[in-house]
Amino acid sequence: MADADRRYTSTVVVDGSDLSRHSGRWLTISWRPYMGDPQMKTMQLAGRSDIVAIGQGTWHMGERASERRREVAALREGIALGMNLIDTAEMYGDGGAEEVVGEAIAGLREQILLVSKVYPHHASRKAMPQACEQSLRRLGTDRIDLYLLHWQGQYPLAETIEAFERLRDAGKIRHWGVSNFDVNAMQELQGSACACNQVLYNLEQRGIDFDLLPWCRHEAIPVMAYCPVGQGMDLLHHAGLAAMAERHGASPAQIALAWLLSREVLAIPKAVSPGHLRENAAAASLDLSAEDLQELDQLFPAPRRKQPLAIV
Ligand SMILES: NC(=O)c1ccc[n+]([C@@H]2O[C@H](COP(=O)([O-])OP(=O)(O)OC[C@H]3O[C@@H](n4cnc5c(N)ncnc54)[C@H](OP(=O)(O)O)[C@@H]3O)[C@@H](O)[C@H]2O)c1
């Protein structure tokens, strides 16, 4: 299953229309071996097809000078383990996380798919170019591969898209996308070049399974899951998840990540601890059986009705 192209065939209803009856627009993601590890699952994102489906988050990095060396080392170790997508934001550590990322990717820039996010209050024609320049300076690079609107704010989306596209035309960013957008906001982007929606999604918080994930699949817009291991809290202590992990000789976090990949969603766990990093990278090679997935559906049922989009 891991190496095969897969198509969605379930019945999906959004706003009363049955998306499964539409033809020819199912999102198909190829899962191919990554050069470093023949088993690592990769997906297509932002014009690249070699993106290991588990990337690296950076929230809370760059907040304390005393942690900086450890954080840089963690990101570099993660890259060495094959995790070639790094997610950051101008917000994290008030620019500090972008500086940590800049130090970590020095000399390795070409390998990395670099994702950063612009504050909603900078998402205007006037403010975005300067915000982007500052991010580029902190990141020590001349372009951001995927630049996301962190959440929807006061500026009309049309203006934000225009600002993104000007930056793209100027070569400052390669692709743009959004974060924390529910279906109604995504519908406003229909037909645009939006390359990704980054949202909170994990076994415990499956709200998007009801409508947003099917909608994005139908529109072939990749979904990137933040808080994929539930911020290292309750999810990882769930007895049923722990039992499945033990059967696989894996950790609960690895099962949680492998489940996201089985949904063809890219995960961006943040890890500074070397043990966590190794576990997370190895989860990109972990296959769950149909029985495992069924059991996870029983342990963590998908929603039966619309849920408000979860955010942190
Ligand atoms: N777009 C948005 O609005 C938004 C919001 C939140 C987050 N994000 C992005 O998504 C990334 C991930 O979300 P997150 O950082 O909130 O949560 P997360 O990745 O679910 O959890 C991070 C926490 O889990 C621990 N951890 C990581 N791997 C583990 C493992 N294998 N076993 C046990 N614990 C593990 C980490 O510890 P150590 O660090 O000690 O290893 C850290 O404390 C962020 O870093 C950020 O880049 C985006």
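Q: How do you know that helix H3 lies across strands, and which strands are they?
A: In this predicted model, helix H3 (residues 128-139) lies across strand E6 (113-118), strand E7 (144-149) and strand E8 (173-179). Its direction is about 140 degrees to E6, on a scale that runs from 0 to 180 degrees between N-to-C directions. Helix H4 (residues 157-169) lies across E7 and E8, at about 155 degrees to E8.

Q: What makes strand E9 and strand E10 a pair?
A: Two strands pair if there are at least two bridges between them. Strand E9 (residues 197-200) and strand E10 (residues 223-226) are joined by 4 bridges, so they meet the criterion, and they run parallel. Within this pairing, Val 199 stands opposite Ala 225 in E10.

Q: Why are strand E5 and strand E11 called edge strands?
A: The sheet is open, with 7 strands in the order E5-E6-E7-E8-E9-E10-E11 and parallel pairing. Strand E5 (85-87) and strand E11 (266-267) each pair on one side only.

Q: Why is H8 described as largely enclosed by the rest of the structure?
A: A residue is buried if 20 or more other C-beta atoms lie within 10 Å of its own. In H8, 11 of the 11 residues are buried, and the helix is therefore largely enclosed. Among them are Pro 252, Gln 254, Trp 259 and Ser 262. The buried residues of H8 pack against E10, helix H7 (239-248), E11, H9 and helix H10 (290-299). Just after H8, Glu 264 takes a positive phi of about 60 degrees.

Q: Which residues touch the most other members of the largest nonpolar core?
A: This core has 90 residues, and Tyr 147, Ala 225, Leu 257 and Ala 267 touch the most other members. Helix H8 (residues 252-262) supplies the largest share of the core, 8 residues.

Q: What does Tyr 147 touch, beyond residues up to four places away in sequence?
A: Contact requires C-beta atoms within 7 Å. The partners of Tyr 147 are Ser 116, Val 118, Cys 132, Phe 164, Leu 167, Ile 173 and Trp 176.

Q: How do the residues of the shell around the ligand divide into nonpolar, polar and charged?
A: There are 12 nonpolar, 13 polar and 3 charged residues in the shell. Of the 28 residues around the ligand, Gly 57, Tyr 226, Gly 232, Ala 253 and Lys 270 come nearest. Helix H9 (residues 274-283) provides the largest share of the shell, 3 residues.

Note on methods:
Residues are numbered from 1 along each chain as its sequence is written. This is a predicted model: local features need pLDDT of at least 70, side-chain atom pairs count only at pLDDT 80 or more; totals for chains, interfaces and linings use all residues. Helices (H or I, at least four residues) and strands (E, at least two) are DSSP runs, numbered from the N terminus. Two residues are in contact if their C-beta atoms, placed from the backbone, lie within 7 Å. A residue is near a molecule or strand if its C-beta atom, placed from the backbone, lies within 6 Å of it. Ala, Val, Leu, Ile, Met, Phe, Trp, Tyr, Cys and Pro count as nonpolar, Asp, Glu, Lys and Arg as charged, and the others, Gly among them, as polar. A nonpolar core is a set of buried Ala, Val, Leu, Ile, Met, Phe, Trp, Tyr and Cys residues joined through C-beta atoms within 7 Å. A residue is buried if 20 or more other C-beta atoms lie within 10 Å of its own, exposed if 12 or fewer, and partly exposed in between; C-beta atoms are placed from the backbone.
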